[in-house]
Amino acid sequence: MDEIKNEAISMPRIGDAAPAFKAITTQGPINFPSDYTGSWVILFSHPADFTPVCTSEFMTFASMEKQFAEMNCKLVGLSVDGLYSHIAWLRTIKEKIEYKGMKDVEVKFPLIEDITMEVAKKYGMIQPGEATTKAVRAVFFIDPKGIIRTIIYYPLSLGRNFDELYRVLVALQTADAFSIATPADWRPGDDVIVPPAGSCGIAKERMENKADMKCYDWFFCTKPLAKEKIDGLKMK
Ligand code: BEZ
């Protein structure tokens, strides 16, 4: 335990290039992140196969895979279990588990085997204060250029909120596409934040679009952004 605690653990940061690795998965070998260039990808870890919270998460993620794909986003899971455990667990989910209206759920996205913990350590998924032999629930949002754009960590006992993960993906893409920021609890269709003045371009836009904008003070202005425009980001 102390050995792992004292080991240098790398913790990738937002804005870093996603650390590269090759791995075996339930869908064959992958070369990460280069296999995903041009797509968004969510790389997420779970503590262990055949555990209840992880099962509820996998069923939810698999049920939403199409929704993520519409936003040009692929999913890749990881745990420090072996390939045969992964295969047996995913088969059990498909054949036996009915949960919250989800049944016959097939997990079609790759699940990485990481028995050596090489990838988990590279991505800071082993957090010894929480567990030395399991990955925490980490979520990395990686953009089409292979840059880490958001990182969220959850402890072992806390199942993730997948509506929030989807909201994060849409908000990142919306910020990129429209050069805006998104306020607290933003949902598509809500007003967005016009970045504070500071560049001539933004100052000019402010002058031109004054009628549309609502300013709470000089540093805090919002403007409408129609949900249809955000729906337009979806792949046809
Ligand atoms: C679970 O997924 O249920 C779980 C896994 C590891 C520790 C605690 C809960």
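1. The strands named here are DSSP runs of at least two residues (E), and helices are runs of at least four (H or I), numbered from the N terminus. The model is predicted: local features need pLDDT of at least 70 and side-chain atom pairs count only at pLDDT 80 or more, while totals for chains, interfaces and linings use all residues. Residues are numbered from 1 along each chain as its sequence is written, and side-chain values use heavy atoms, with hydrogens and water left out.

2. E9 and strand E10 (residues 220-223) run antiparallel and are joined by three bridges. Two strands count as paired if DSSP finds at least two bridges between them. Cysteine 215 has cysteine 221 in E10 as its bridge partner. Two residues lie between E9 and E10, which form a hairpin.

3. E8 is likewise antiparallel to E10, with three bridges between them. As background, strands of a sheet pair through backbone hydrogen bonds, either parallel or antiparallel.

4. The chain is assigned domain 1 (3-160) and domain 2 (179-231), with bounds from an automatic or database domain assignment. Taken over C-alpha atoms, the centres of the two domains are separated by 34 Å.

5. The ligand is surrounded by Pro47, Thr51, Pro52, Val53, Cys54, Arg137 and Leu156; a residue is near the ligand if one of its heavy atoms lies within 4 Å of it. By class, this shell holds five nonpolar residues, one polar and one charged. Here Ala, Val, Leu, Ile, Met, Phe, Trp, Tyr, Cys and Pro count as nonpolar, Asp, Glu, Lys and Arg as charged, and the others, Gly among them, as polar. Helix H2 (residues 52-63) supplies the largest share of the shell, three residues.

6. For valine 53, a backbone N or O atom is 2.7 Å from a ligand oxygen atom; for cysteine 54, the distance from a backbone N or O atom is 2.9 Å. Arginine 137 places a polar side-chain atom 3.1 Å from an oxygen atom of the ligand. Of the 260 Å² of accessible area that the ligand has on its own, the protein covers 79%. These areas come from the Shrake-Rupley method with a 1.4 Å probe; for residues, only the protein chains shown count as cover.

7. Some backbone geometry deserves a note. Phenylalanine 32 and proline 33 are joined by a cis peptide bond, with omega about -5°. Proline 33 belongs to the loop between strand E2 (28-32) and strand E3 (40-45).

8. Aspartate 104, not a glycine, has a positive phi of about 55° and sits in the loop between helix H4 (83-96) and strand E5 (111-113). Methionine 117 also has a positive phi, near 65°, and is found in the loop between E5 and helix H5 (118-122).

Note on methods: A polar contact is a pair of N or O atoms within 3.5 Å; within protein, one must be able to donate a hydrogen and the other to accept it, and residues adjacent in sequence count only if both atoms are side-chain atoms.
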